[in-house]
Amino acid sequence: PDSTMTAEKKSYMEALRGLPSADAVVSLAHRHATLQEEYHRLKFTIRRRVHKKLVVQNTAAANMKSFAEESMGTIAGWITAQTAYFAVLECIDAWSIPADWKSFAARLIYAVFASITVPLADWALSGKADSAQTHFLADQIRLIRVCLPKFYAWAWKDVVAAVLTLAGRSFWPELIATVTLSAVLILVHMTPLFHRATAAVREKSSADNPAMRMVANLGSLGLAVGFAWNSVASWGPKRLMQEVQAPIFVFMIQFLYYVVISVAIVFINARWSKAEDHVKEIEDEKGREQRPEPGETRALPEKIGLASDAELGRAVEAPAAGEVAGEVMREMVCDLVEEAHEVVCLA
């Protein structure tokens with residue numbers, strides 16, 4: 001009877017009458033877990049779509065910027081190489097050697113000079129753009145660093161052109177020189193020293209120094225190797241163009257050669273890109289297997305801080321049921337309202 005109950009027991013019973021049953025608490029907990037799982041799945045999907053759009057936009061902007069910088073760097077490398085060639089040629093004009101050998105010597109002198117100064121300048125300017133006081137100065141430093149590899153590449157491309165000229169511009173000597181150059185460059189890329197040098201430059205580690213920059217710059221000889229292989233591949237079209245007189249036929253032969261080479265390059269790049277994408281997908285799949293999905297549902301006891309649904313029921317019926325169940329109810333209702341609001345906003 002109420003008359004025999006103490007004030008403490010009366011307050012406890014009044015608090016207990018206002019609470020829902022254990023089944024209602026468990027049902028709300030399951031409802032909360034289901035809604036939270038849907039919320040995480042929706043949030044992850046929207047975030048992934050937005051991320052893809054941002055990646056596409058950033059990639060397009062980066063490609064345009066890279067194309068402009070590469071174009072300016074190529075023009076700067078070409079003009080600088082030509083200017084240095086004529087300057088060196090004037091200095092060695094008194095040498096009593098054939099003109100082709102004199103041209104080769106001038107190209108080689110500039111290439112050696114570029115092989116020393118380009119790595120030194122690149123190493124000295126490394127990190128200067130980040131510490132520049134003005135945006136204009138930082139942009140100029142970045143542009144100079146973009147141009148530096150082109151100075152190096154164009155210098156050695158002209159050396160290869162001079163070597164092919166000395167070979168008589170015939171097919172077999174050009175093919176032998178091209179294959180030899182490609183084999184040497186492949187062997188250099190396979191050496192541990194080249195891998196250490198490129199890693200040191202890329203990671204800006206303590207091993208990054210002018211000597212390592214000189215070794216890593218050997219990776220910029222692609223222009224020279226490409227020019228050599230183009231000279232070999234264009235041997236047939238050049239012979240055909242020598243047999244025709246009309247400019248329109250010369251243009252048609254050159255254009256057909258351009259189309260064939262472009263299709264071959266695009267096809268090879270596409271095949272290699274597919275292989276690279278396949279490797280990346282395998283690596284990403286391995287990474288996803290090692291971490292849980294964002295929308296993966298955790299166990300219900302982890303969500304509500306209890307060991308099991310049975311313990312939740314016992315907690316409601318326990319002497320401290322008002323305090324425990326009330327706290328659980330308040331936290332879950334607050335989370336439910338907050339996450340429902342976020343789900344609506346995201347939707």
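Let me begin with helices α5 and α8. The axes of α5 (residues 171–190) and α8 (residues 222–233) come within 9 Å of each other and cross at roughly 155 degrees. Axes here are lines fitted to C-alpha atoms, for helices over the stretch in contact, and angles run from 0 to 180 degrees between N-to-C directions. The crossing therefore makes α5 roughly antiparallel to α8; angles under 35 degrees count as roughly parallel, over 145 as roughly antiparallel, 65 to 115 as roughly perpendicular, and the rest as oblique. In handedness, α5 passes α8 in a left-handed crossing, a term used if the near helix is turned anticlockwise from the far one by less than a right angle, with clockwise giving right-handed.

A word on the basis of these values. The model is predicted, so local features need pLDDT of at least 70 and side-chain atom pairs count only at pLDDT 80 or more, while totals for chains, interfaces and linings use all residues. Residues are numbered from 1 along each chain as its sequence is written, and side-chain values use heavy atoms, with hydrogens and water left out.

Turning to the chain as a whole, it has 13 helices and zero strands. Both are DSSP runs numbered from the N terminus, helices being H or I with at least four residues and strands E with at least two. Of the 347 residues in the chain, 27% are buried. Buried means under 20% relative accessible area, exposed over 50%, and partly exposed in between, with a 1.4 Å probe and protein chains only.

Next, the salt bridges. The criterion is a side-chain nitrogen of Lys or Arg within 4 Å of a carboxyl oxygen of Asp or Glu, and by this rule the count comes to nine.

One of them joins K150 and E70, whose closest N and O atoms are 2.7 Å apart. K150 lies in helix α4 (residues 135–166) and E70 in helix α2 (residues 22–91), so this pair ties together parts that are 80 residues apart in sequence. K150 is buried, at 17% relative accessible area, whereas E70 is partly exposed, at 36%.

A further salt bridge pairs R145 with D122, at 2.9 Å between the closest N and O atoms. This pair also links distant parts of the chain, with R145 in helix α4 and D122 in helix α3 (residues 99–125), 23 residues apart. R145 counts as partly exposed because its relative accessibility is 26%; D122, at 13%, is buried.

D208 and R213 form a salt bridge as well, their closest N and O atoms being 2.7 Å apart, and both residues are buried. What links these two pairs? D122, R145, D208 and R213 belong to a network of salt bridges.

Let me now move to W235, which is found in helix α9 (residues 235–243). With a relative accessible area of 30%, W235 is partly exposed. Its C-alpha atom is separated by 8.1 Å from that of S170, a residue 65 positions away along the chain.

Finally, the surface. Which residues make the nonpolar patch of about 830 Å²? They are I248, F249, F251, M252, F255, Y258, V259 and V263. Patches are made of residues with over 30% relative accessible area and no salt bridge, joining like charges within 9 Å and nonpolar side chains (Val, Leu, Ile, Met, Phe, Trp, Tyr) within 5 Å. Accessible areas come from the Shrake-Rupley method with a 1.4 Å probe; for residues, only the protein chains shown count as cover.
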